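Trainee: I am new to this one. Can we go through what each term rests on?
Mentor: Gladly. Take a look first.

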Amino acid sequence: MAAIAAEDVTDAPLEKVFGYLADSRNIEQWFYGVERIVPLTEQIRGLGSTFEITINAGIPLKAKIKCTEFVENELIVVTSLGGDGPAASTRWTFASEGDGTRIRGEFDYTVPGGLAGAAMATLVKPFAAIAVKQTTANILRYAGR
């Protein structure tokens with residue numbers, strides 16, 4: 001398993017930042033590489049909400065994802081349930097910092113073994129490093145509006 005993280009602070013208040021990220025209708029705007037996200041459940045926010053997602057990581061990768069942990073204004077964890085890409089999860093934590101918000105994003109992924117896994121790792125590793133940093137920057141950019 002590989003893990004990549006990024007952290008930063010925005011001047012926007014915690015409730016506004018968390019609300020923006022928790023709203024699945026905004027994911028295509030802030031999550032780097034996401035081309036499409038389709039709800040698979042009536043619930044589109046919070047624990048149990050499930051989606052089909054297409055990410056462009058040099059090639060389009062489709063996966064089913066589910067919110068597996070959710071604490072209002074503190075934590076969002078989304079885990080892949082299978083698809084074209086590696087097994088993955090993203091973890092977003094939020095904390096008040098002065099009048100603003102500290103956001104930390106962590107991306108964990110596991111590629112399969114063998115030649116197919118090695119080929120996937122050469123694609124996923126650089127994409128993941130860019131995605132975490134750019135996604136965090138996008139959150140800072142859009143969440144404070």
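Mentor: Start with the largest nonpolar core, which has 26 residues. Val 17, Leu 21, Trp 30, Ile 76, Trp 92, Phe 94 and Ile 139 have the most contacts inside it. Keep in mind that this is a predicted model.

Trainee: Which elements give two or more residues to this core?

Mentor: The helices are helix 1 (14-22), helix 2 (27-30) and helix 3 (114-143). The strands are strand 2 (34-39), strand 3 (50-56), strand 4 (60-71), strand 5 (75-83) and strand 6 (87-97). Helix 1 gives the largest share, six residues.

Trainee: What lies apart from this core?

Mentor: Another core, of six residues. Ala 6, Ala 88, Tyr 109 and Val 132 are among them.

Trainee: Why is Ile 53 called buried?

Mentor: Set the value against the cut-off. Buried means under 20% relative accessible area. Ile 53 has 7%, so Ile 53 counts as buried. Its place is in strand 3.

Trainee: What does Ile 53 touch, leaving aside residues up to four places away in sequence?

Mentor: Val 34, Arg 36, Ile 37, Leu 61, Lys 62, Ala 63 and Ile 65. Ile 53 is also 9.5 Å from Ser 80, C-alpha to C-alpha, and the two are 27 residues apart in sequence.

Trainee: What makes strand 4 and strand 5 a pair?

Mentor: Pairing needs at least two bridges. Strand 4 and strand 5 have seven, in the antiparallel sense. Glu 69 stands opposite Val 77 in strand 5. The two strands form a hairpin with three residues between them. In the turn, Asn 73 has a positive phi of about 65°.

Trainee: How do you know that strand 5 and strand 6 pair?

Mentor: By the bridges again: five of them, antiparallel. One partner pair is Leu 75 and Thr 93, the latter in strand 6.

Trainee: Why is the contact of Glu 69 and Arg 91 called a salt bridge?

Mentor: The rule asks for nitrogen and oxygen within 4 Å. Here the N to O distance is 3.9 Å. That meets the rule. Glu 69 lies in strand 4 and Arg 91 in strand 6, so the pair ties together parts that are 22 residues apart in sequence.

Trainee: How many salt bridges does the rule give?

Mentor: Seven. One joins Arg 102 and Glu 97, with the closest N and O atoms 2.8 Å apart. Another joins Glu 106 and Arg 104, at 3.0 Å.

Methods. Residues numbered from 1 in each chain as written. Predicted model: local features only at pLDDT ≥ 70, side-chain atom pairs only at ≥ 80, totals over all residues. Heavy atoms only, no water. Core = buried A, V, L, I, M, F, W, Y, C linked by side-chain atoms within 4.5 Å. Buried < 20%, exposed > 50% of the residue type's maximum accessible area, 1.4 Å probe, protein only. Helix = DSSP H or I, 4+ residues; strand = E, 2+ residues; numbered from the N terminus. Contact = heavy atoms within 4.5 Å. Salt bridge = Lys/Arg side-chain N within 4 Å of Asp/Glu carboxyl O.
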